[in-house]
Amino acid sequence: MMLKTTHEIDIVSAKTSKINEVDFENLAFGNVFTDHMLVCDFKEGQWQKPIIKPYEPFLIDPSAKVFHYGQAIFEGMKAYKDEHDDVWLFRPDQNLDRFNKSAVRMAMPEIPEEIFIGGVKTIVDLERNWVKKGLGNTLYIRPFMIAIGSGVIAQPSTQYRFMIILSPARSYYSGEVKVIIAEHYSRAANGGIGAAKAAGNYSSQFYPQKLAQEQGFQQIIWTDDATHTKLEEAGTMNVFFRINDTIYTAPTSERILDGVTRKSLIDIAHRDGIKVEERSVLVDEIVAGAKDGSLKEIFGAGTAAVVSPIVGFQYQEHYYELPKLENSIALQLKDTLTKIQYKLAEDTFGWTVKV
């Protein structure tokens, strides 16, 4: 895949690197950041020249609209290093497309490809020593945009800041993942911002997730806001259900994020002859499948977690354990996807982009 990366970017290099202080074998997800960050401001109706400079805090007015009206969006991406020390991105065009859809929904300016893709490629290339070889080692990429215009009047900002920060990463979830099916709380509603990768979508999940964790569950499977009968997402991930030998996942909508990992797994399944259907999945059929043994697997899918098998779920105070399988479709799909991302298998889709 070839993408334009022609936008000029100034680079101010850090005087020293903190890379030698990092224990890459024991990384907590999202807590360690690389030496540089990219900053690009939008003002007077246009994007300014991007700059990559040392990672550091920055000053912002207390009346900045991001604090008061929540104009904030982000993306999650990864860079991978192959056995030849080449660094690769995975479907960055899809992240750009979704980022701009989120921007439109949040009344924020769209960002040009040369700033987003060009910025990602430039800063990842600068920090390529932070991308370690080996399956499971990645460099997590966090592009985001916030409203920095001042004033507490309830209207969109006229000034914004786009940034990219990088974090070396290993596994997002560790240990077994048990979930509870939501019966009251909802992640998103029709007409809302569920399909946007907006910061507020995540903060609203924290309280019900806290309640779930107090009961011994790692995540929540969200249900639709109107009836709580349709299964939609699992925590911060899209979710798949395997009934017999077919996998099912909810179609994207105003409530459900169009996940890059989700769509990639669906394409791989179609290519490899795995039966997959995008349709509404009902709580009742999943409970019935758990009772009669036809429900074989549930797994989450997202950039951070890749594929996260779920070992069991609770609904209406009853816990259902899922079978332990030797022929897990979830693990088969994860293996296929990660081999493409790390260039250990042929990329027949043209998804990978060399830095």
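This report walks through a helix, a hairpin and some aromatic contacts in a predicted model.

## Helix α8 and its ends

Let's start with α8, which covers residues 329-341. Its 13 residues reach 18 Å from the first C-alpha to the last, close to the 18 Å expected at 1.5 Å a residue. At the start of the helix, Ser328 has a side-chain oxygen within 3.3 Å of the backbone nitrogen of Ala330. Ala330 is also one of the buried residues of α8, a list including Leu333, Leu337 and Ile340.

Just after α8 comes Lys343, with a positive phi of about 60°. Lys343 also lies over the face of Trp88, at 4.1 Å from the ring centre.

## The β19-β20 hairpin

Strands β19 (residues 312-315) and β20 (residues 318-321) run antiparallel and are joined by four bridges. Tyr315 stands opposite His318 in β20. Two residues separate the strands of this hairpin, and Gln316 in the turn takes a positive phi of about 50°.

## Aromatic contacts

How many aromatic pairs does a search of the whole structure find? The count is 17. Take Phe74 and Tyr202: their ring centres are 5.1 Å apart and their planes lie at 55°, so the pair is tilted. Because Phe74 belongs to strand β5 and Tyr202 to helix α4, the pair ties together parts that are 128 residues apart in sequence. Phe74 counts as buried at 12% relative accessibility, and Tyr202 is buried with a relative accessible area of 11%.

Elsewhere, one aromatic cluster is formed by Phe42, Trp47, Phe99, Phe116, Tyr160 and Phe162. There is a contact with charge to look at too: the charged end of Arg161 sits over the ring of Phe58, 5.0 Å from its centre.

Notes. Residues numbered from 1 in each chain as written. Predicted model: local features only at pLDDT ≥ 70, side-chain atom pairs only at ≥ 80, totals over all residues. Heavy atoms only, no water. Expected span 1.5 Å × (residues − 1). Buried < 20%, exposed > 50% of the residue type's maximum accessible area, 1.4 Å probe, protein only. Polar contact = N/O pair within 3.5 Å; in protein donor to acceptor, adjacent residues only side chain to side chain. Pairing = 2+ DSSP bridges. Phe/Tyr/Trp six-rings, centres within 6.5 Å; stacked < 30°, edge-to-face > 60°. Lys NZ or Arg CZ within 6 Å of the ring centre and 35° of its normal.
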